[in-house]
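Please read it alongside the sequence and the structure shown here.

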Amino acid sequence: MINNLSRLLFSQWFFILIVSLAFNHLVAANEDSQERALSIKSARYDVEKQQLKVKVKMKGETPFKLKLINTITGQLLLQKSTKKDKITLKVKNIEGSSVPCSVTVQLGQLSQTVAVKNVTSGCSEVEVDESSSTITKLKINDAKYEDDLLIVSGEFSGNMPKSIALYDGITEQLLTARNRTREDGHFIFKVYDLARSPCRIRVKADQSSAAKIVEHAENCGTVSSPPENQAPLCSIISPSETVLSIGLGGSVNFSGAASDPESGELRYEWDFNGGADSRPTTLAPGNIVFDVNNGHFLVHFTVTDDQGARCTVDRTVIVGVDSPPSLPVEMVPQQPAPNTVQAGDGKHVILPANDLGMHCADLGSYPLSILPPFNTVNAHAILKGTTGSNKPLILDPRSVTLKYSAASNINDPAGPNSINSTSQNFPIGVKQADASIKKSDFWDGFKETGQSIASLLFPGLNPSPDEGLATADNSELGRGLYMPGINDPYNANEPQGFSKFIAEFGWFTAQGIPLTPVDDSGRLNSYPLMRIQAIDNNTGLTLATTDVVTPVSGEVDCRDCHTAGKVGADSEARLKARDVWLNTGVGNEPPVFVVAASIDRLDVETAAKKNILMLHDFKHGTDFIAQDQPVLCASCHKSNALASVGGPGGNPFLADMSKVMHSFHGRLQTDSQGNLVRDIQGEPILSDPKNQVDVIALIPVGENIPMEENCFQCHPGKITQCFRGAMYTAGQTCDTCHGDMLAMGGEFAYKDGSIREPWLDEPACGACHSGVGSEAVANIAFDPNDPSAEPLPAKTPRFAENANTLYRNSLDQHANLGCESCHGSPHAIWPNRNPDANDNITATQLQGHAGTISECTVCHEDNSFPKGTLSGPHGMHPVNDSSWMDEDAHGHFAEDRRNGDRCAACHGDDHLGTRLSKVPVDRVLKNRKGKVLASLKAGEEVACNLCHSLSKSFDD
């Protein structure tokens, strides 16, 4: 029995030992798998073989998806997916100026740059720019000294820095260079047994740095805050002229210079205001081709430092013929501007918002149309009040009428006096092709048919010029909405009525305003303004006025791929299929793609669309080219962008528009040299969505892949910025919310078995924003292991949308106001990083500064909360309210902990502040007696010890 017991105990001990060893091995393996590394061993050019060889070594989780890039030009040279930890990247048949002087290898968030050896000429003065390996933004969250221990923690965005260290912010003494966390994008420093605590610390990571005062540091007296960040200095070196003229298709060599007083990292942006199909982010983008004729383009070079401070310099480029075309002489008149005497009585307010953040309209509606001119504004009209029975009142058509007209912004980045009152071409009645100001061809008569393009695209409708589509919400009007200049284009700007009032949402809607992205001077401006007025039904007086951006882009692009000779219009790739057809007569005639009439962007896009219709005829047996009529894609392939507002529902037996676009193009694949994989007849061989291992997508999506290489190939982004709000500024990309091309195309089912429905199944705010300030905002809205990219459920209801409701249709739990009313539109959440942007106009007019509407006095009268409240938006207390500053107003809220700490969500468990307690602008906090309690700079966190001790904050 004893022997049996011994054997049993031994076997159990041995089993535990084996499991323990296996577990430790798995943990170690898991840790190793998450710690990726990248190293370029050599980069050499073989002149004889005309071959570039780059040897790379990797470490971490496989497969490794590598990108080889020409560092100077940004050109993608090679993509490679491998499971090997060592590989030689080879680029064949490369010679002359195509040989890069230096290359960058990217692996997810990692990148490394080296000079190429043995390049014969042109590289002697080239310096390798390794800035791609540096971080983009550095932030210290906490710096505390307690119990002889200094703890400093924070986060950074971008690549892992080469070095990160903690210094005494006054003496610059190195304290430690050991980062004690392995969490991506974060750092924690712990320093023990200091002779004394530093009063201020500084964290340096490569070229970036940030400083913070140490909490609870001893013997510091009144330590001055770190010096205020100074804006960078910038200039345009080339061209030196402030105004220069070129012909259509001409190029201008652009280069800039910049420096930062704090030696921080700088970000560069070039905006050619629609003149060029590009938005470079390098200091010297080189030759830029301007492809729009007869235009004036105000070019901006903007430099932003790691603290968000900016500088901007401009040049004007004139493109076109020697004698300028005739243009309207004066800007149309405008209604009284917001915050002026005639614009309202001060007792009412309008909260307007565009519904989507960007609407798209075809650059030309012929030969095919994806989306017509269309824009929507929703607006709440509110009578201000206090609380209780006198609380603010949401008004309806019984008391007010809402109207819209065109408005301008004196600081508009497109240039002064930019206004969009009409969508008719100039001269009036001239077709788009022959006009001086080319607004749209939507209302143009089509050839000799006696019908307009609009009526052919939408049978049964025949809108007049400057009239939009008669959508579902316009049924009571019996027509579409009008542009303000419809009665006298380029002279009139008459306020137009909204479509209707929607009681479910408590807002007035103007659905389908037929805006185009060209202003009344012929300049591209994708962010035009509309002036919204609330008119008293009894007196006819204006009660309130607010301007709102109505964004629209003509950048629904096909030309990047379907221009003759490019990957989607390669006649040579179809030669074999043409031989078969000529010899046998079997099948449809393979296309011989057409070349654009000129390099003007409209001509190129028109040719690209014809090439698409040729492909469609060849592949699906249609005869669009022979019919030569305008084609609305959504008439066959359902697009919820149109169907949801009463437009065509498509053919139920055909795939919807999102499926045929995202899924098909997402399955296109290339070989290692970047060539589209085709069969013998030139037809693309599509990849298997369920097996993407070793697949190199034609349109790559993923970490560190610029949006210009995927979503912005078709959607607004290279010229117009559809995605431009706070999340863009924070470094998010389209795919971190929406998923990749295959997810967008509905190739994978959600957990409940359903398939993504375009425009209805969209990302959710609560998936990333937990509502707990001490928790970092997530940087991806779905489980990265879920190929369907189904949005994660909200952790808390604080920032979640209404159940089964999109953000744009959700109402807050505070007053049933639209989320967009206070936060802005999807893709353009306030604030825009450019202080002059039209996106910032609404919030600035309402509360005096850009960003989320956070000032209670926008809707409430002064001193509305003498006893305080936690019933504000998202459970907030009154902001910048002198009554709340008094302890007898907020003290009893803090002391009531029956349901937990009511302050912690925004101010942290330690009451020292979190990102949710940051002030948006400089604040001076005063109590009711006018006593100054604290002064804060924009971006600083409100902590309880600003006014009293922390012990008092936690004292019941």
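Two rings of Phe, Tyr or Trp (its six-membered ring) are taken as a pair if their centres lie within 6.5 Å, and planes under 30 degrees apart count as stacked, over 60 as edge-to-face and the rest as tilted. In this predicted model, the structure holds 18 aromatic pairs. The charged side chains contribute 29 salt bridges.

**Aromatic pairs and their cluster**

- The rings of F254 and F290 have centres 6.3 Å apart and planes at 45°, so this pair is tilted.
- Because F254 belongs to strand β17 (residues 251–259) while F290 sits in the loop between β19 (286–289) and β20 (295–305), the pair ties together parts that are 36 residues apart in sequence.
- F254 is buried, with a relative accessible area of 0%, and F290 is likewise buried, with a value of 0%.
- For W270 and F272 the ring centres are 6.4 Å apart and the planes meet at 15°, so the pair is stacked.
- W270 counts as buried at 1% relative accessibility, and F272 counts as buried at 1%.
- One aromatic cluster is formed by F254, Y268, W270, F272, F290, F297 and F301.

**Charges over rings**

- K204 lies over the face of Y167, at 4.7 Å from the ring centre.
- R479 lies over the face of Y482, at 3.9 Å from the ring centre.

**Salt bridges**

- K144 and D910 meet through their side chains in a salt bridge of 2.2 Å, N to O.
- The side chains of D628 and K447 form a salt bridge of 2.1 Å, N to O, and because D628 lies in the loop between α6 (624–627) and β34 (631–632) and K447 in the loop between β27 (400–407) and α2 (453–457), the parts tied together are 181 residues apart in sequence.
- D628 counts as partly exposed at 25% relative accessibility, as does K447 at 47%.
- E589 and R578 are joined by a salt bridge of 3.3 Å, N to O; E589 lies in the loop between α4 (575–584) and α5 (601–620) and R578 in helix α4, so the pair ties together parts that are eleven residues apart in sequence.
- E589 counts as partly exposed at 44% relative accessibility, whereas R578 is buried, with a relative accessible area of 16%.
- Salt bridges that share partners join D277, D557, R559 and E605 into one network.

Methods
Residues are numbered from 1 along each chain as its sequence is written. This is a predicted model: local features need pLDDT of at least 70, side-chain atom pairs count only at pLDDT 80 or more; totals for chains, interfaces and linings use all residues. Side-chain values use heavy atoms; hydrogens and water are left out. Helices (H or I, at least four residues) and strands (E, at least two) are DSSP runs, numbered from the N terminus. Buried means under 20% relative accessible area, exposed over 50%, partly exposed in between (1.4 Å probe, protein chains only). A charge sits over a ring if NZ of Lys or CZ of Arg is within 6 Å of the ring centre and within 35 degrees of the ring normal. A salt bridge is a side-chain nitrogen of Lys or Arg within 4 Å of a carboxyl oxygen of Asp or Glu.
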